[in-house]
Structures are given as C-alpha cells and as structure tokens.
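Visitor: I would like to go through this model and hear the grounds for each label. Please show it first.

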Amino acid sequence: MRVLVLFAHPAQRKKSINLAMAERARSVDGVTLVDLYAEYPRFSIHVDREQQRLLEHDVIIFQFPLFWYSTPALLKQWQDLVLEYGFAYGPSGKKLAGKHMLACVTTGGRRDDYSPTGGNEHPIQDFLLPLRQTATLCGMEFLPPFVLHAANHIEEDRAQAHIDAYPQLLAALRDDRFDLQAARSYSTLSRDDLVHLIGG
Amino acid sequence: MDGLAFYAFAYLAAAVFAVIVSQRLGLGTVVGYIAAGVIIGPVLQVSTAGSDYLEQFSEFGIVMMLFLIGLEIDPQMVWKLRAKLLGLGGLQVAATIGVITVVGTAIGFTWQQSLLFGFIGALSSTAIVLQTLEEKGMLESDGGRASFAVLLFQDFAVIPMLACIPLMAAAGNAAPAGHGSTLIQHLPGWASALLTLAAVAFVVIAGQYLSRPIFRLIALLRLREIFTAMALLLVVAIALLMSAVGLSPALGAFLGGVVLANSEFKHELQNDVEPFKGLLLGLFFMTIGAKIDLGILRDNWLVIFAATLALATIKVVVLLPLAWTFKVRTAAGWLFALGLAQAGEFGFVLLSIGQERQILTGQIASIAILVITMGMILTPALFAIYARIAILIDNRQGQNEADQPDEGTIIIAGVGRFGQIVNRMLLANGHKTVILDYRADVVDDIRRFGIKSFFGDASRPDLLESAGLSKADLLIVAIDDRDRATEIVSHARQQNPNIRIIARAYDRLHHYELLDAGADHIVRELFGSSVEAAGLALQSLGMHPYEVEKRKSIFVDEDVAGLNRMAPLVDQSTRVSDNPTFIAGFKDIGRVIESAMRGERTTYEEIVRRGWSPPELGESHSPPIHTTRAPPAGTEP
C-alpha cells in the first residue's frame, strides 16, 4: 500500500520525539511525508494538491501531538478544507472509500491518566472519536491509533524504541506485512503490540 | 495700449462683480455675465469701440465649450443612457420644437423664425441645470439622471440645428451666405463635398494618432505650460480647418473632443482648456449683454414677461407627460420638468447666427435674448417650487422616495510598482478604480491592460476633483514624493470628511505626518517587504517556516505598537519645529526608541517562546485526581 504521513507540529524543537519520528518516516522509501506546518505556515492550504495526495495513497496517517484532546490547529484546518463535500463524502464524493486511516499520537499525560480513574477520565481512543467518525463517514477504515504516552517524561531508551518502531510500522504497511485482521481487535497500538502484528 | 488695458479692466471688473453677485443670488454665472455686459454696454457705454473684435474673439468660447462637451462624452455612459437619451431627449426636443413652431406661426412669425424659436426653446441650460443638480446632490437621483440624459441629447441636437439655420435662411429669403471666402467656394459640388469629408476624417485621424504622441512627448518632458499651449493650439487649429472648408468651427471642435474623450489626457485637457473656455464664454455672454437695448426692455416688458412664462409653461407641459411615460414618476418627474424649463446658453448662439443670417431683426433678437435671460433668472424659483412639490408628495406618500446614492469609487494616486499591485488586487476583487499618475508613459502602459487611468499631477486639487474626490469612498495615496503625498491626504480630508484614506509612508517620521494630515491607514512602503526578506533569511538559516511566520508576525506587532506609543511625542515635535521643545522631544524619541529596542528584544523573545510549551521535565503536570475537575494545565495534556 502507498503510505502518506501528514505530520502536524507547530513548535518543532530539537528534542521533540515527534520531530524524530517524522525524520525517520521521511527516510522510508515509498512513504510520503508532509510537514504541514512547513508547507502552510500561513494556514492557506492548497486543497487541490492535498486531495491529489490523498488519491495517490492508500493509507493516510495523521502524526501529531495531542493538544487539548485534539489535533493541532493546522491539522484541523486541513480536515475542514480538504475533506470537501463531493470529494470525501456525499452521494457523489466517495473518493476516499476503501482507504485506511491511522492516527500516530503522542500525549503529555501518562497511560494511567487516560483511564476512567485517571485525571482525563477517558481512554485515549475516546478522545480520537471525531477522527474515527470522520474516517467512517468518508468510507475509510480507522485503524487503532499508534500511541506514545508521557512523551515528555519517559526514559530516553523507551522513547527511542518508539521512534525506531515507527519506520518499521510504515514499511510493514507499505509492504502489506501489517496484519490488519489481527489489529482490529486492539483498541490502541503500542510499540510492544507491533511485534505481534508485523509479519516477516 | 492704454485703450486695450482700459477695456480689459472694464470687462474684467464688470465680470468679477456681476458674476459674484449673480452666483450669490443663486442665478448662476451665465446670468451674471449677461448682467456684466449690460453694465458695460447700455449702462456705462464703454463697450462700443472694439466690440466687434471682442465678439469674434469670444466666439472661441463656444468652440471650446463644444470641444469640452465632446471631451465629456463617454461612449459607455452614452450607451448606458441610450433609452433615456433617445426616447426622452429625442421626444422632448421634437415635441418642444413642434409646439413652439405652431404657436409661433399662429401669432404671426414666419416659419423660419418660429422654427428657430423652437430650436432655442427646445434646449435647456446645461450649465445652470447641471450645476444646480450637483450643488443639491441630486445628479444621481432618478430625476437628475433623466435630466442629464436629456441635456446630453440636447448637446448633440445643437449640431444639426447649427447646420439647419443656413439652409433655413437660404430657403427663406435667399440671402447671401455671409461666409466670407472659403477654400471650397469655387470648387464644383463633388469636390467640395469630398474636401469637407477629408477635413472631418483628418480631424478624427489626427486627433487619434497625431495629437496623442505629441501630448505624450510633452508630458514626458514635463512642459506644463506647453501642454496647455498645445491644447489651445489643437482647438484653434480645428476651428481654422473647419472654417476653411465651410463647416462650423464649433462642430469641428466637438468632433475633436469626442476623438480625445477616451484618451489618457482627458482630465488634463479639461483642466487646461476649462479656464479659457470659461473666460471666453463669459466674454461671449458679456457681448450679448452689451448688445441688449434697455429701451427695448422698457417698451416691451409685458411681451417679454409673457413670453418667458409661455416658454416655461410649454416646456413643463411637454416634459411632465414625457417623464411619466418614461417612468420618471412623482417627485423625480417634477424635478425633471421644472429643472429643464428654461432656455439655455446655446439659445444665444443660435440667436446670433439667426441674426447674422437675417432670419431675425435686431429688435426681435434683443427681445429673445431678454426672454432667455429671464428664463434663466427664473430657474432658481422653479427649483424652489420643485422643493415644495417634493415635500407635498413625500407627505402624501408618507415615505421618502429614496434617491439612489452615488456610485462608490476608489481613487489611486500614483501607480508605480506600489500602486499597481494595489490596483491589480482591487480589480481582481471586482472593484472599479480611477487611476492618476503624472508619468504619461506609465499611464499609457496601464491603459494597454484596459485599466481606466488618467495622466496628471495627483496633488493638483482640480485633477483630484475631476477624478471624483468629493464622491469617492476610498483614496489610496501611493506616490513617491513624500511632501506631495501629505498634501494630497490633507486636501482630500478637507474636501471629503467621510472618505477613507490609505497612504503610503516613506518612513516612520512620514508616518506621523500622514497621520496628522488625516490618513486612516498608513503603510510604510518598505516595511512589509523587508520583514518578508528577513523571514526568508531566517528560513534559509534553517528555521522552520512556521516558526519564521510566528516571529515575523510578532515582530510586526511589536514594531507597530512601538510606532503608536511614540506618536504623541513625534506629533508634538513636528508641530513646533522652531521650538526648543523640538530638540527635547527629539531626544525623548531617541530615548524611547533606544529603550524600546532594548525592551523589545526581551519581550520579543518572551512572546515568541510562549505557545505549545510542554511543562518542564520532571514537573508533574497531570491533573490531581478527583480533587478538581479543572482541565489539565499546559497545552499537552
């Protein structure tokens, strides 16, 4: 499958895990990485170009840090403008039907914070419900999100393991080595889960 | 020499005095000039000598008036008004001529005389009516527009009338055509017709292809007074050529005007010829006044009075049903009918030709002049009657019939590299612009792209006025010269308190000057592009494009805030420039700038650093469980 990574991060600092992930994704052959904030620093999104990109790929990945339980502003802008009626949805617009959508998210909060007893009171996938429903309305399959919790606090080796797993996931999707069937039973995906889902 | 100076003094003094008084009384300038003529002629008896020479000279006033009328004719506007122009105007002229001719012959005039009176009566006074409508702000109302269309048609109609009078004279008493010698007199019919056509074609072609390059060259060389001389030369040359082939010089000038109506020099030509036309036309009216025999007024005052009322009544009776037919209803119809109910300045022209061709005797002509003059004096009274009728109609309808507001326009002064971009973007968004620039080559280039643009110095008040300053919504001052830019802004602000003004500033100090002059928005000419370049520099040095964008916009915000903070200080110092306060103020600015620079640097970094910052490492930022329901702090929960 052809893989498109739409990367959205408004404050790319050197130590950012998200930035490191994006750098790795950029070097995977056959994967298209788009730094949305670099391409549209003034938020004037080129809708035709973005739609063309969607048509040319089979897996659409949103890679972003979770800001106030949602996507960064530009990625929301992207959804608002690119997923047009008549293109992404509506009787005459099912151009994205059959594709897959994957959210690759980092959070500041720990895994425990995203639980009914934690400070955020809900699991992470609940907060991604708008994205899931968007995918569904467009006829796309929303895969379980690939999540790294406590991105600012975890030990360096664990962060590094997540960063390293990311290009493997992208390559597996590209080569159809990712077990979609098995993945459907997961609510979220961690680095450890990938071991079971990526075939040789 | 003494004699000439004395006549000049007498004419000018009488004109200045009488025109001011007449204008003050709301009677318009034409009545004033005629009164001045009466003062120097019949009353003071100073005009007798040299009056023939003056009369000849003053006829150039008519030629120039027709040149300017031709210049005013905008084919697009004529097309837009075509229904009213032909329908209303044509029927008005035809019906008035018809009624007056019938009445005239019935009371014992010859048919030639009656027809001539019809011609005179059919025309209204463009000068008086347009000026009054403009003053009262009713030019764009329904009634105003209809009036304008009819006046425009009348201006056209003069031309066949001028051509008809000699024919009428020939048909009547076979009087010799008092033409003097013309080039074509001794040629066979076909040759003279051919020569006449060639002369007309020459005016059209030379106006289009010969005069424009010459004007452009003069404009390029910045020879202001030679431009004026060339404009006058053009009119005089056309007049000469037309006389030579036996056509009316006025007709030729009209044609020349039409040819140049669409050129980029239209406004400049108007401004240059206008004062000469005004004075010469004034002189023309004065010579008419000078010829009035006051004895005739005394002996025939009843006839004159009756004829004046009869003329106004006939015109209203013809105009009012026409207005209703063409759906110019109620108050607007009354404005139309009463406003146009006088005979106009062309009447004097037609009268003098009629007298020359011996259609009229001197006495009848004098009476007719008095009738026309009385009609003009009556016009303000008719407008007053209209005002009463309008109030009555309003009260009856219970609501105001809203006059359509003037069409909003945008004036762009200066279309160099700056103004051009502004203009392009406004055009792209469907706005209409009027462009002024003093570089003929630039204007020429822009016209090639089909943009309405005019040559001229935008800081000249009259040019701004003819571009529609008093009615414009928006003025964009984009010229290079900083002092002129400031002048334009303050002039525009005085003339039109409601206009919005966007001005381009040379630097910070100029920014304050423009603010003082009354500009609403000020753009420093190089500020935006400099920030853009700085941003590209940062990006080239490896900064992320979005980070660059943030830093740019924060820099701009801070800079503008600083500019506004310092405004009161600079304001004070520029006003009292010879004052010790100036030096103190200037030092103050220096300190403010210095501290602002130092201050800006820290605030700038502080502001840029804010946003999307995760909490410090190690610091727990997860919300205290079940203690409060407040949302988690920080932007990355």
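Visitor: What makes the crossing of helix 1 of chain A and helix 7 of chain A right-handed or left-handed?
Guide: A crossing is left-handed if the near helix is turned anticlockwise from the far one by less than a right angle, and right-handed if clockwise. The crossing of these two helices is right-handed. Helices here are DSSP runs of H or I of at least four residues, and strands are runs of E of at least two, numbered from the N terminus. The model is a predicted one, in which local features need pLDDT of at least 70, side-chain atom pairs count only at pLDDT 80 or more, and totals for chains, interfaces and linings use all residues. Residues are numbered from 1 along each chain as its sequence is written, chains are lettered from A and ligands numbered from 1 in the order in which they are written, and side-chain values use heavy atoms, without hydrogens and water.

Visitor: At what angle do helix 1 and helix 7 of chain A pack, and how far apart are their axes?
Guide: Helix 1 (residues 17–26) and helix 7 (residues 156–174) of chain A pack at about 30 degrees, with axes 9 Å apart. Axes are lines fitted to C-alpha atoms, for helices over the stretch in contact, and angles run from 0 to 180 degrees between N-to-C directions.

Visitor: Which residues of helix 1 of chain A meet helix 7 of chain A?
Guide: I17(A), A20(A), M21(A), R24(A) and A25(A) do, and their partners in helix 7 of chain A include A159(A), I163(A) and L170(A). Contact means heavy atoms within 4.5 Å.

Visitor: Why is G90(A) called buried?
Guide: Buried means under 20% relative accessible area, exposed over 50%, and partly exposed in between (1.4 Å probe, protein chains only). G90(A) has 16% relative accessibility, so G90(A) counts as buried. G90(A) lies in the loop between helix 4 (73–82) and strand 4 (100–106) of chain A.

Visitor: Why does T228(B) count as buried?
Guide: The relative accessible area of T228(B) is 15%, and therefore T228(B) is buried. T228(B) sits in helix 10 (residues 224–244) of chain B. Leaving out residues up to four places away in sequence, T228(B) touches D272(B) and F276(B).

Visitor: How many disulfides does the structure hold?
Guide: The structure holds zero disulfides over all chains, a disulfide being a pair of cysteine sulfur atoms within 2.5 Å.
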